[in-house]
Amino acid sequence: MPTVPDPEPAPPRFPRVRLGALAQAGLADVVDGDTDLDAVSVAGVRAESLSWTGRRRLGSSRVEDLGTASWSAPAASFVDSFLEGLEVTALDASGSSWWNVTVTASRIGSAELYDSTWRGVRFRRCKLGYLNLRGARLTDVEFADCVITDLDLARASATRVAFPGTRIGRLEPTGARLVDVDLRGAAVDDVGDAEGLRGATITTTQLLDLAPALAARLGIRVD
């Protein structure tokens with residue numbers, strides 16, 4: 001009988017997001033507080049730290065050229081928004097929600113986003129250091145032309161996630177639940193737990209590239 005090819009992983013799906021008229025948000029509005037920011041434009045903000053409390057929401061907004069050493073936004077909501085040119089040393093948004101958000105040309109040193117929920121999220125041309133998505137729930141997500149030093153997906157749930165043109169220094173998928181996760185467009189230097197990749201799609205070349213690291217982790221000597 002002829003061999004039936006494995007089905008292609010389903011690609012991420014993204015709705016079109018259109019912003020209406022935006023009001024200019026001032027520095028005081030952005031730096032701290034729990035008042036929701038809806039339909040605002042944030043541009044050129046520089047602050048030592050941002051402190052968002054009370055499950056603050058950023059909705060239907062555009063953020064450009066924002067720089068800070070520390071951004072604390074636990075349980076915040078980012079909805080139908082565009083973020084571009086972020087320069088953030090440390091982002092703490094654990095338990096946050098990201099719905100239909102695009103992040104472009106940004107640098108984030110450490111992103112603590114564990115236990116967060118993402119749907120319809122795109123990162124484009126971004127440089128990310130440690131991206132902590134432990135226990136996160138990801139649906140329809142794409143990292144395109146990004147550099148991620150350390151991607152932690154331990155115990156995460158990921159469906160329709162792709163990485164075209166992205167380099168990942170180390171991927172930790174221990175205990176992850178992956179469905180239609182497409183790693184074929186990524187360059188992955190190291191994987192923490194190969195068993196956690198169950199449900200992902202990789203190329204034969206990627207498998208061969210990872211073979212030495214996987215063999216070393218399993219205690220296999222290759223002569």
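**Close-up views of a predicted model**

Figure 1. Cys126 counts as buried, because its relative accessibility is 3%. In this predicted model, the cysteine sulfur closest to that of Cys126 belongs to Cys146, and at 4.7 Å it is too far away for a bond. Seen from the other partner, Cys146 is likewise in no disulfide, since the nearest cysteine sulfur, that of Cys126, is 4.7 Å away. A disulfide is a covalent bond between the sulfur atoms of two cysteines, and here a pair is counted as one when the two sulfur atoms are within 2.5 Å. By this rule, the count of disulfides comes to zero. Cys146 also counts as buried, because its relative accessibility is 1%.

**Figure 2. Glu142, a buried charged residue without a salt bridge.** The residue shown in this view, Glu142, is part of strand β15, which covers residues 137-144. Although Glu142 is buried, it has no salt bridge, and the nearest side chain of opposite charge, that of Arg124, is 5.0 Å away. A salt bridge would need a side-chain nitrogen of Lys or Arg within 4 Å of a carboxyl oxygen of Asp or Glu. When residues up to four places away in sequence are left aside, Glu142 touches Pro12, Phe14, Val121, Arg122, Phe123, Ala162 and Pro164.

Figure 3. Phe143 is found in strand β15, and with a relative accessible area of 1% it is buried. Leaving out residues up to four places away in sequence, the residues that Phe143 touches include Trp118, Phe123, Leu128, Leu131 and Ile148, and also Ala162, Phe163, Pro164 and Thr166. Val161 lies 18 residues from Phe143 along the chain, and the C-alpha atoms of these two residues are separated by 8.2 Å.

**Figure 4. Phe82, a partly exposed residue of strand β9.** Strand β9, made up of residues 77-84, contains Phe82, and this phenylalanine is partly exposed, with a relative accessible area of 23%. Apart from residues up to four places away in sequence, Phe82 touches Val17, Leu19, Ser61, Arg62, Val63 and Thr102.

**Figure 5. Asp190, a buried residue in a loop.** Asp190 lies in the loop that runs between strand β20 (187-188) and strand β21 (200-201). With a relative accessible area of 17%, Asp190 is buried, because the cut-off for this class is under 20%. Not counting residues up to four places away in sequence, Asp190 touches Gly169, Arg170 and Leu171, together with Leu210, Ala213 and Arg217.

**Figure 6. The whole protein, as a setting for the close-up views.** The secondary structure of the protein comes to two helices and 21 strands. Its radius of gyration is 19 Å, close to the 17 Å that the globule rule gives for 223 residues, so the protein is as compact as a globular protein of that length. Along the principal axes, the C-alpha trace spans about 65 × 35 × 25 Å. Of the 223 residues in the protein, 44% are buried, and the protein exposes about 11100 Å², of which carbon and sulfur atoms supply 51%.

Terms used: Residues numbered from 1 in each chain as written. Predicted model: local features only at pLDDT ≥ 70, side-chain atom pairs only at ≥ 80, totals over all residues. Heavy atoms only, no water. Buried < 20%, exposed > 50% of the residue type's maximum accessible area, 1.4 Å probe, protein only. Helix = DSSP H or I, 4+ residues; strand = E, 2+ residues; numbered from the N terminus. Lys, Arg positive; Asp, Glu negative; His and termini not counted. Contact = heavy atoms within 4.5 Å. Rg over C-alpha atoms; globule rule 2.2 N^0.38 Å. Areas by Shrake-Rupley, 256 points an atom, 1.4 Å probe, with all protein chains shown as cover.
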